[in-house]
Amino acid sequence: MEADFDIAALFASLGFLELSILILTAFFASVVSGISGYGGGMTLGLLVSPFIPIKLLVPLMSVFVLFSNLSRMYYYRKSIFWKKGIYFAIISTPFLIAGTNFYASVSPKTLYFCLGFGLAFIVILRRVFKKINLNIGWFGLGVMAVFYGTISGVILGPGSVLLTALAANGLVGAQIIATDSFVTLINVIIRLISFWNLGLLNSDALYVGSMIGIVSIFGSYTAKKIADKLGVKMHTIIIEICLIIGGAAMIYRALIF
C-alpha cells in the first residue's frame, strides 16, 4: 500500500549531495512562487516525484506549500484584498474536498494521467486567457473558484488558475500575489485535513514536508526583495517549459505503469 510507504526512511537515506540539492530546490521553488505567485509546489514536486508514490505526491507538496504561502502572505499582508479572497476560498472549498476524495479513490495510473495532462492544460489555459484578455465579475470569479477547487485537490500547479482569475477580476501587482497567498493558504489547510482523514498523510510526511517548508520562509523573503527588480516574463516561460516536461514525464509513467 502506498499509504504505508516509509517517507521518513527515504529522506533519512539521502546523502549530503542529495539533501543539498533538495534544500536548494526548495529554496528556488519558494523564490519562484514568491515572485510569480505560482510554481513552487510544482517545481519541487517534479523533483521528488520519481522517488515517492504518486498517492503521496500532492499531500507531501501541500505541506511545503503551506509554509511557502504562510510566509508569502506575511510579507505581502498589506496588499491582501480580503473580500475577494474570502469569497473565492468559501466557494472553492467543497469542490476541493471532492477533488481530494477523487485523488484518494482512483488508481495510480489514473493519477499519472491526471497530473500529466493537467500540467499541460494549465499552460494552455493560462495562455488562452491571457490572449483573449479575460475580464470577469463576481459571478465569473465564483465559476473560476469551482474549477480551481476541483483541480487543486488532484494536480500540482493549480496556482496559475487562481492568479488568472484574480487578474481578470481587476486585481493588479502585489494585490494578486497577496490575495493568491491568502486563498492558497486556506486551500492547503483544508487540503491537508482532507488528505489526513483519507489516510494519505501521516506524521512522517508532515515532518518531512515541514523541514522542507522551513526553507521556503527564506525563499519568500528573498522573493519579496527582488520582485520589484526582476521581470517575470522569462521566469514564466521557464516554468511553463518545466510544466510541459513534467507533464510528459507523468504521462510516460502512466503508460509504462
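## Exercise 1: The chain as a whole

Among contacts (heavy atoms within 4.5 Å) in the protein chain between residues at least 6 apart in sequence, 84% join residues at least 24 apart. This is a predicted model, in which local features need pLDDT of at least 70 and side-chain atom pairs count only at pLDDT 80 or more, whereas totals for chains, interfaces and linings use all residues. Residues are numbered from 1 along each chain as its sequence is written, and side-chain values use heavy atoms, with hydrogens and water left out.

Task: State how many helices and strands the protein chain has, and what share of its residues is buried.

Solution. 
1. Helices (H or I, at least four residues) and strands (E, at least two) are DSSP runs, numbered from the N terminus. The protein chain has 11 helices and 0 strands.
2. Buried residues (under 20% relative accessible area, 1.4 Å probe, protein chains only) make up 53% of the 257 residues.
3. The protein chain exposes about 11700 Å² (Shrake-Rupley method, 1.4 Å probe), and carbon and sulfur atoms supply 73% of this area.

## Exercise 2: Packing of α5 and α9

Task: Describe how the axes of helix α5 and helix α9 are arranged, and classify the residues of the contact.

Solution. 
1. Two packed helices are described by the angle between their axes and the distance between the axes.
2. For α5 (residues 82-105) and α9 (residues 173-197), the axes come within 9 Å and cross at roughly 30 degrees.
3. α5 is therefore roughly parallel to α9, the class for angles under 35 degrees.
4. The crossing of α5 past α9 is right-handed, meaning that the near helix is turned clockwise from the far one by less than a right angle.
5. Residues making the contact include Trp82, Phe88 and Leu96 of α5, and Phe182, Ile186 and Arg191 of α9.
6. By class, the contact comprises 12 nonpolar, 7 polar and 1 charged residues. Ala, Val, Leu, Ile, Met, Phe, Trp, Tyr, Cys and Pro count as nonpolar, Asp, Glu, Lys and Arg as charged, and the others, Gly among them, as polar.

Definitions and conventions
Axes are lines fitted to C-alpha atoms, for helices over the stretch in contact, and angles run from 0 to 180 degrees between N-to-C directions. Angles under 35 degrees count as roughly parallel, over 145 as roughly antiparallel, 65 to 115 as roughly perpendicular and the rest as oblique. Buried means under 20% relative accessible area, exposed over 50%, partly exposed in between (1.4 Å probe, protein chains only).
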